[in-house]
Amino acid sequence: SHSRVLNVKRPSVEYYGIEMAIYEVESWKVKPGREHEHEVAMRNWLAWVKEHRDLFPEWKSLRYVTKYIAGDETERHVMMWEYASLAAFEEYKARRKDYEGPYKEYKKVDPYYMDVFDHTSMNVEIWKPQDRDIWIE
């Protein structure tokens, strides 16, 4: 059984006196021979999430990219969720953990359970913004 539950030591969430955003970053390689099924599953999942946006209030943003020119990491898929804080991330994960209620339907469209990922290649990280006040956006 593959688990995406993170057991992390809680870092400081203070950033210039206010809670800072965090990013949950998942990455994976597609299971060989399942490229088409992966693409269909991802598009279906993203469409479902957009239609049910009210189930994910903690998600400030969601980005999906593929490493394009990256040596051995080329073709690694990356999904990045932005949360207002680590507390918001934990609140969402706690609410969705057993896929109960409306999240039962969510699990049915989650590509994680569709045999399209190379699960041995999966990686989950939590990132924090650095010097956000000087970012160029």
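A residue is called buried when its relative accessible area is under 20%, exposed when that area is over 50%, and partly exposed in between. The exercises below apply to a predicted model.

**Exercise 1.** Determine whether Asp131 is buried, exposed or partly exposed, and describe its backbone.

*Solution.* The relative accessible area of Asp131 is 30%. Since this value lies between the cut-offs of 20% and 50%, Asp131 is therefore partly exposed. Asp131 belongs to the segment after E6. Its phi is positive, about 50 degrees, although Asp131 is not a glycine.

**Exercise 2.** Carry out the analysis for Asp115.

*Solution.* Asp115 is located in the loop between H3 and E6. Its phi is near 60 degrees, a positive value in a residue other than glycine. With a relative accessible area of 40%, Asp115 is classed as partly exposed.

**Exercise 3.** Classify the ring pair formed by Trp28 and Phe117, and state where its members lie.

*Solution.* The two ring centres are 4.6 Å apart, and the angle between the planes is 35 degrees. Stacked pairs require planes under 30 degrees apart, and edge-to-face pairs over 60; the pair of Trp28 and Phe117 is accordingly tilted. As for location, Trp28 is in strand E3 and Phe117 in strand E6, 89 residues apart, and the pair links distant parts of the chain. Both residues are buried.

**Exercise 4.** Classify the ring pair formed by Tyr99 and Tyr106.

*Solution.* The centres of these rings are 6.2 Å apart. Their planes meet at 15 degrees, so the pair is stacked. Tyr99 and Tyr106 are both buried. A search of the whole structure finds 19 aromatic pairs.

**Exercise 5.** Identify which residues have the most contacts inside the largest nonpolar core, and which elements supply it.

*Solution.* The largest nonpolar core has 24 residues. Those with the most contacts inside it are Trp45, Phe56, Trp59, Tyr83 and Tyr106. At least two residues of this core come from each of strands E3 (22-30), E5 (77-83) and E6 (117-127), and likewise from each of helices H1 (35-51), H2 (86-96) and H3 (103-109). To examine one member, take Tyr83: leaving aside residues up to four places away in sequence, Tyr83 touches Ala21, Ile22, Glu24, Glu58, Trp59, Lys60, Ala88, Phe89, Tyr92 and Lys93.

**Exercise 6.** State which residue lies over the face of Tyr113, and at what distance from the ring centre.

*Solution.* The residue is Lys107, at 4.8 Å from the ring centre of Tyr113.

How values were computed
Residues are numbered from 1 along each chain as its sequence is written. This is a predicted model: local features need pLDDT of at least 70, side-chain atom pairs count only at pLDDT 80 or more; totals for chains, interfaces and linings use all residues. Side-chain values use heavy atoms; hydrogens and water are left out. A nonpolar core is a set of buried Ala, Val, Leu, Ile, Met, Phe, Trp, Tyr and Cys residues joined through side-chain atoms within 4.5 Å. Buried means under 20% relative accessible area, exposed over 50%, partly exposed in between (1.4 Å probe, protein chains only). Helices (H or I, at least four residues) and strands (E, at least two) are DSSP runs, numbered from the N terminus. Contact means heavy atoms within 4.5 Å. Rings of Phe, Tyr and Trp (its six-membered ring) pair if their centres lie within 6.5 Å; planes under 30 degrees apart count as stacked, over 60 as edge-to-face and the rest as tilted. A charge sits over a ring if NZ of Lys or CZ of Arg is within 6 Å of the ring centre and within 35 degrees of the ring normal.
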